[in-house]
Amino acid sequence: MKTLVRWAAQLYPATWRDRYAAEFDALLDDISPSLGDLFDVLADVLRVRMTTSVDACLVPAPVSAMTLRLPVIVSVTAHGLMIALVLFAVWGHVTAMPLHVRAPLPPPAPEPPPQVTDARVFPNASTLYSSLPLKIPAQGATLSLYVADGVGINFLSLPDIGATYRQGNAEWRVWPGQALESYMVRRELPEYPGGTNARGAVSVFVEYLITQTGSVKVLRTSGPPPFAGAARSAIERWVYQPLEYENRSCEVVSRVEVRFDSEFAR
């Protein structure tokens with residue numbers, strides 16, 4: 001840095017160098033100049049060049065106007081180069097901020113099941129519970145489908161789909177039943193309870209938990225006791241494969257509506 005400062009001092013007029021050069025060199029030997037000191041010297045050179053009369057700067061040989069402007073041009077150019085170098089060094093350490101944050105994608109919509117329970121019970125529903133068997137029979141065997149007359153299972157619209165609830169050390173995630181069809185190992189459809197005098201359609205709403213082992217536990221039911229008991233008894237015999245979310249074992253809560261219609265059951 002001292003070498004650069006001495007080089008900058010050579011830009012002073014000859015009259016200034018003759019008078020102050022020795023004193024300037026002595027001062028420079030006693031300090032450790034910084035980049036700011038170099039800029040101060042260059043700025044002072046520009047000031048002295050602009051304020052010193054032309055006569056004082058003349059040498060015995062004739063001097064052209066371009067020769068007088070040359071030190072000023074050199075000083076301005078040096079300032080520009082140094083500022084550019086500083087900006088370039090600072091720019092390399094600036095971390096670019098992301099322009100936008102991409103929101104996570106919603107879960108894919110589940111495909112509707114290909115077969116249904118007694119579709120007459122829910123004439124306007126598009127997401128009825130599947131009654132397909134779980135295993136394809138051996139070659140030549142019949143493909144038997146089991147449909148309970150007068151009983152239908154409808155997937156409810158879940159307003160809290162994807163929500164997470166904590167019960168002690170367990171974590172429950174809410175997910176629709178039709179999205180879990182491919183994980184089912186064993187299913188059983190409710191039977192219309194005998195010995196009842198109910199007329200028309202009776203609905204039972206069931207909330208159930210799929211545990212980490214794949215077994216099913218009914219959490220709560222809403223409906224008349226004979227029908228709620230039939231729905232609970234069948235659903236608690238369902239078995240799923242163990243479920244995972246983000247490579248972690250999890251328990252899933254889902255809800256269905258089981259509807260019993262005496263007209264079709266007879």
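Modeller: A residue is called buried under 20% relative accessible area and exposed over 50%, with partly exposed in between (1.4 Å probe, protein chains only). This is a predicted model, in which local features need pLDDT of at least 70 and side-chain atom pairs count only at pLDDT 80 or more, while totals for chains, interfaces and linings use all residues. Residues are numbered from 1 along each chain as its sequence is written, and side-chain values use heavy atoms, with hydrogens and water left out.

Colleague: Is Val202 buried or exposed, and at what relative accessibility?

Modeller: Val202 lies in strand β5, where strands (E, at least two residues) and helices (H or I, at least four) are DSSP runs numbered from the N terminus. Leaving aside neighbours within four places in sequence, Val202 is in contact (heavy atoms within 4.5 Å) with Pro224, Phe227, Val258, Arg259 and Phe260. Val202 counts as buried, because its relative accessibility is 12%.

Colleague: How far apart are the C-alpha atoms of Val202 and Gly223?

Modeller: Along the chain, Val202 and Gly223 are 21 residues apart.

Colleague: Which three residues form one aromatic cluster?

Modeller: The search of the whole structure finds 4 aromatic pairs, with rings of Phe, Tyr and Trp (its six-membered ring) pairing if their centres lie within 6.5 Å, and with planes under 30 degrees apart counted as stacked, over 60 as edge-to-face and the rest as tilted. Tyr192 and Phe227 form an edge-to-face pair, at 5.7 Å centre to centre and 80 degrees between the planes. Phe227 also forms a tilted pair with Phe260, at 5.2 Å centre to centre and 50 degrees between the planes. The one cluster therefore consists of Tyr192, Phe227 and Phe260.

Colleague: Which parts of the chain does the pair of Phe227 and Phe260 tie together, and how many residues apart are they in sequence?

Modeller: Phe227 is buried at a relative accessible area of 4%, and Phe260 is buried at 0%. Phe227 lies in helix α6 and Phe260 in strand β10 (residues 251-261), so the pair ties together parts whose separation in sequence is 33 residues.

Colleague: How many residues of β10 are buried?

Modeller: Two strands pair if DSSP finds at least two bridges between them, and β10 pairs with β5 in the antiparallel sense over 10 bridges, Val206 having Val256 as its bridge partner in β10. Strand β1 (residues 151-155) is also antiparallel to β10, over 5 bridges, with Gly152 opposite Arg259. Strand β3 (residues 170-174) runs parallel to β10 and is joined to it by 3 bridges, and there the partner of Trp172 in β10 is Glu251. Strand β10 is largely enclosed by the rest of the structure, because the buried residues among its 11 number 10.

Colleague: What is the phi of Asn247, a residue other than glycine?

Modeller: Most residues other than glycine have a negative phi. Glu246, in the loop between β8 (244-245) and β9 (248-249), has a positive phi of about 55 degrees and is exposed, with a relative accessible area of 58%. Asn247 is found in the loop between β8 and β9 and is exposed at 74%. The phi of Asn247 is also positive, near 65 degrees.

Colleague: Over the ring of which residue does the charged end of Arg173 sit?

Modeller: A charge sits over a ring if NZ of Lys or CZ of Arg is within 6 Å of the ring centre and within 35 degrees of the ring normal. For the charged end of Arg173 the distance to the ring centre is 3.7 Å, and the ring is that of Tyr245.

Colleague: What share of the 266 residues in the chain is buried?

Modeller: The chain has 7 helices and 10 strands, and residues 24 or more positions apart account for 72% of its contacts with a separation of 6 or more. Of the 266 residues, the buried share is 32%.
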